[in-house]
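Subject: A structure for you to look at

Hi there,

I'm passing on a structure that I have been going through, and I'd be glad if you opened it alongside this note. My findings follow below.

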Amino acid sequence: MDEFVNLKETELRLGLPGTDNVSEEIERVSCNKRALQGDTENETESSMMKMETCPPRKAQIVGWPPVRSSRKNIIQTKKNESDSEGGRGVYVKVSMDGAPYLRKIDLSCYKGYKELLKALEIMFNFSVGEYFEREGYKGSDFVPTYEDKDGDWMLIGDVPWEMFVCTCKRLRIMKGSEAKGLGCGV
Amino acid sequence: MNYFPDEVIEHVFDFVTSHKDRNSISLVCKSWFKIERYSRQNVFIGNCYAINPERLLRRFPCFKSLTLKGKPHFADFNLVPHGWGGFVQPWIEALARSRVGLEELRLKRMVVTDESLELLSRSFVNFKSLVLVSCEGFSTDGLASIASNCRHLQDLDLQENEIDDHRGQWLSCFPETYTSLVTLNFACLEGETNLVALERLVARSPNLRSLKLNRAVPLDALARLMACAPQIVDLGVGSYEDEQDSESCLKLQAAIRKCTSLRSLSGFLEAAPHCLSAFHPVCHNLTSLNLSYAAEIHGSHLIKLIEHCKKLQRLWILDSIGDKGLEVVASTCKELQELRVFPTDLQGGGNTAVTEDGLVAISAGCPKLHSILYFCQQMTNAALITVAKNCPNFIRFRLCILEPHKPDHVTSQPLDEGFGAIVQACKNLKRLSVSGLLTDQVFLYIGMYATELEMLSIAFAGDTDKGMLYVLNGCKKMRKLEIRDSPFGDAALLADVNKYETMRSLWMSSCEVTLGGCKRLARKAPWLNVEIINENDNNRMEENGYEGRQKVDKLYLYRTVVGTRVDAPPFVWIH
């Protein structure tokens, strides 16, 4: 536990010194709602995820952007809905073939596949290769897949991002021979 | 003209309806002033504190329609604290005591209470039209009074108000004998709606032209309503939530096909995309489409709808439509006059849904475009220069780059040249909002070229007082100037005090003006109300006997003929 306490001092983040509190505040609110409820293990897990992968949000300026409250509420509602719907896969388990334990990530932290795959690569220390629409991922033994609402294992990257976030239940990074079945072009 | 009897002159004046023209007429001579004032039907008061009800009634004893505006524009973005002012009550009380046969009341950014609405509903026998825009302070009880008492009501139009919804039965307060409804807009109500009362009301309103529902009206009710009112011209569909009920969808499609007069569509607050196609049969007639609250609809569905709308003149949309979607708009909507693109990501730095490319595409494809409001993440000078060349007819040009101080994302230069091109090309520009990284130079251009400019909004721009001075000296027709978070101070504020008599108002927040500067201004210009809004410090600023070097958080000044207002809250000081 102790090793996580000092991580904040050494982490590299975008943003001016002295803005730590504000951006952290925003990050905590937007990425980490569940962390407050979970047990300590999840908390440290999530806070490490926050530091590695969540882009720091900018401080909110009063009355900016110049958008009426009624419009802001519409957008906020949409964001909250996608954040809080349990079965829709905001926090999802990630397993990697051969790894001893699973991880959990918050899909709403990412804007798209590029960010997500980068985060996974860092987390599990592997490389995912390049995505091709027809052949899938080429250039790596690893293939990122996910289980959708219907229980099928799908290749990550085929559908629009928003649809993926809504339908993804869990992630699995397949390796080796099993991965070849999903069209890995090696 | 003095050889004609007054009645003839008055008859001629009847054909002059614009406020500006009537104001001009009244200045010609004493006799015209007198005839004009007794015959003016519509009075427009742009700032409710510039005049008072007594003087209004003394000058125009016979008007039928009154328009009043209260809070300054930045109140829309929560920059004006609650309780600042803009109360309509004293106006309604004064009008009720007088003999004015009020028929229409239009209020914008005012505080309206249930008491006000009740008094209004009881005081004017021929009251026909109530339009409330961005108002607050009342509940559905007030609406119930209007419904119960206004026998000849035609229009009840509630736009973007904050209404306390008591989920009462206000709709059922319209008497069964009441059949004169023409406009009903309650889209901003949050609570449940009595659907039975609503359907019966619509069924007995043969003159109904405009109906805008709130989110509590489900698809099957919408279908029944449209079946009752096939003559509808302007429809706000409320939530439009898909209940997986194909029967409702079929009924809706059938009802829609009969609405051959439909020209304007809005709502879709919680829309499910696949029912959107139900409207395709009427799209070719639409002139106005507002999908800016449809956060749930994916860009591709929006595009499919718009592809059918070849006659569109007005389009309000979310940036989820993307640049590609805007290209479709540009190639489809050749009659487009007004476009508003609202943001879906308020924080910036993320999903770049629309960029400068979309704006350029629109400017190239839509020759009749004259009004634009465009929220985006990035812009370039080159794009703005192209837009200016393509569209020299802009009357309103409002560009909001979400990240303050953001430069041209290709050259990293300020956007001075881009906006400069806009003001130079658009000789009829009346309204401008600037954003992104801007130096004093852009204001030099604005002062030089924007000769017709009446309203200018500035945020996070400029370097020195010179910027503001260029604008004040150059823009002879300026009426409303609103500035936030820009380094303009006392020197600019005080340079030409008489300028403010030619303007309606000036707003400056988070700038460099000081208390001392404001006090000096107030002394030099007793015809102005110089209001300082300081929510945080309350009275501490004055009590310390401060030399007045302290910066003022919010300054709002306006010309007035009735002096300091008496209803200001403690955190507003008026000098």
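A term to start with: a salt bridge here is a side-chain nitrogen of Lys or Arg within 4 Å of a carboxyl oxygen of Asp or Glu. Please also keep in mind that this is a predicted model.

**How confident is the prediction?**

For the complex, the predictor reports an ipTM of 0.89 and a pTM of 0.79. Chain B has a mean pLDDT of 93, with 95% of its residues at 70 or more. For chain A the average is 68, and 55% of the residues score at least 70. Residues 19-57 of chain A have a pLDDT below 50, and in the model this stretch makes 61 contacts beyond near neighbours in sequence. Residues 84-89 of chain A are also below 50, with ten such contacts. Where pLDDT is low, the predicted coordinates should not be read in detail.

**Where the chains meet**

Chain B brings 32 residues to the contact and chain A brings 22. Together the two chains bury about 2600 Å², and carbon and sulfur atoms account for 57% of that area.

How many salt bridges cross the interface of chain B and chain A? The rule finds three. Side chains of opposite charge can pair when their charged atoms come close. In one salt bridge, the side chain of A:Lys111 meets that of B:Asp345, at 3.6 Å from N to O. There are also seven residue pairs in polar contact between chain B and chain A, counting pairs with both residues at pLDDT 80 or more. On the side of chain B that touches chain A, 15 residues are nonpolar, ten are polar and seven are charged.

**Within the chains**

Over all chains, the structure holds 27 salt bridges. One of them joins B:Arg109 and B:Asp76, whose closest N and O atoms are 2.9 Å apart. This pair links distant parts of the chain, 33 residues apart: B:Arg109 sits in the loop between strand S3 (104-108) and helix H6 (114-123), and B:Asp76 in the loop between strand S2 (65-69) and helix H5 (89-97).

An unreviewed UniProt entry lists residues 4-45 of chain B as "domain: F-box". In the model, that span is 62% helix and 10% strand, and its end C-alpha atoms lie 31 Å apart.

**Two backbone details**

Most residues other than glycine have a negative phi, and most peptide bonds are trans. Which bond is cis here? The one joining A:Trp64 and A:Pro65, with omega about -5°. A:Pro65 is in the loop between helix H4 (40-53) and helix H5 (69-84) of chain A. B:Glu160, for its part, has a positive phi, near 55°, and belongs to the loop between strand S6 (155-159) and strand S7 (162-164) of chain B.

Technical notes: Residues are numbered from 1 along each chain as its sequence is written. Chains are lettered from A and ligands numbered from 1 in the order in which they are written. Side-chain values use heavy atoms; hydrogens and water are left out. Contact means heavy atoms within 4.5 Å. Buried area is the accessible area (1.4 Å probe) that two parts lose on being put together, summed over both. A polar contact is a pair of N or O atoms within 3.5 Å; within protein, one must be able to donate a hydrogen and the other to accept it, and residues adjacent in sequence count only if both atoms are side-chain atoms. Ala, Val, Leu, Ile, Met, Phe, Trp, Tyr, Cys and Pro count as nonpolar, Asp, Glu, Lys and Arg as charged, and the others, Gly among them, as polar. pLDDT is the predictor's confidence in each residue, from 0 to 100. UniProt positions are given in the numbering used here, feature names are shortened, and annotations may be inferred rather than shown by experiment. Helices (H or I, at least four residues) and strands (E, at least two) are DSSP runs, numbered from the N terminus.
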